[in-house]
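Here are a few notes from going through the model. Have it open while you read.

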Amino acid sequence: MSKPFLFKQFQIHQDRCAMKIGTDGVLLGAWTSLEHQPLSILDIGAGTGVVALMLAQRSDAETIDGIEIDEDAYEQCVENFEASDWADRLFCYHASLDEFVAEIDDKYDLIVSNPPFYAEIVPSGNESRDIARQSQSLPFEDLLSGVAKLLAKNGTFSTIIPFKEEERFLDLAAAINLYPKRLMRIKGNPNSEIKRSLLELNIGKTSVEIENLTIELARHQYTKEYIGLTKDFYLKM
């Protein structure tokens, strides 16, 4: 069995998950605002469970649910949840977003998603990894319409997407009355282009706070902002 990925307060086994722990998920779990003190949280496409576990560590939410369509990832997510200190608050459903929306009447105070978003189809030779990576498994339109149905009236939705998709994503969101409240654009180093956008949306228009984050000044030389965001989780920070 491969070694788990160790964080300060929990560990993640990921040998059966197509999508391994990456910077995107950790950024989302660390950046997502808990200011409105959500009592219920939903992670759409939970994968290893890392984002849900980070939010369990950071919040007092009574209910933290994940949904995961891939069977292997779902089983591993459940194991990671059960092995954590917050097992009594964490639950994962093995379902697609459509199935979940059809079954569940509850609304969530906070919804997060690190969606699969490789729009260009580049087969890696590993089918489950390809499904996890390619946006055809969860197009933005489907993600947003599911969020609109599951989000409590004063709730927030937090996600991370490629920067090049930001404008299209926000247009799709606006069409269903979801608007940005916070936005953070991320680049790898001072000389690289912006790669990712962290977005926090809620129902109805509001003023938007826009920030930028650079991860590294040089290889493995992290910026103080990035360390500040992730130090409660990464062992090395």
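Leaving aside its neighbours within four places in sequence, which residues is E216 in contact with?

1. Quick caveat before the answer: this is a predicted model. With sequence neighbours within four places set aside, E216 has contacts to G188, N189, P190, Q221, Y222 and T223.

2. Staying with E216, you'll find this residue in strand β11, which covers residues 216-218. Its relative accessible area comes out at 13%, so E216 counts as buried, the cut-off being under 20%.

3. Next, R185, which sits in strand β8 (residues 178-187). The side chains of R185 and E166 are joined by a polar contact of 2.6 Å. Skipping residues up to four places away in sequence, R185 also touches F163, I194, R196, S197, I210, E211, N212 and L213, along with E166 itself.

4. Now the helix pair. Helix α6 (residues 140-150) and helix α7 (residues 166-174) have axes that come within 10 Å and cross at roughly 40°. Because of that angle, α6 is oblique to α7. The crossing of α6 past α7 is right-handed.

5. Who makes that contact? On the α6 side F140, E141, L143 and L144 take part, and on the α7 side R168, F169, L172 and A173. By type, the residues of the α6 contact with α7 split into six nonpolar, two charged and no polar.

Technical notes
Residues numbered from 1 in each chain as written. Predicted model: local features only at pLDDT ≥ 70, side-chain atom pairs only at ≥ 80, totals over all residues. Heavy atoms only, no water. Helix = DSSP H or I, 4+ residues; strand = E, 2+ residues; numbered from the N terminus. Buried < 20%, exposed > 50% of the residue type's maximum accessible area, 1.4 Å probe, protein only. Contact = heavy atoms within 4.5 Å. Axes fitted to C-alpha atoms, helices over the stretch in contact; angles between N-to-C directions. Parallel < 35°, antiparallel > 145°, perpendicular 65-115°, else oblique. Left-handed = near helix turned anticlockwise from the far one by under 90°. Nonpolar A, V, L, I, M, F, W, Y, C, P; charged D, E, K, R; others polar. Polar contact = N/O pair within 3.5 Å; in protein donor to acceptor, adjacent residues only side chain to side chain.
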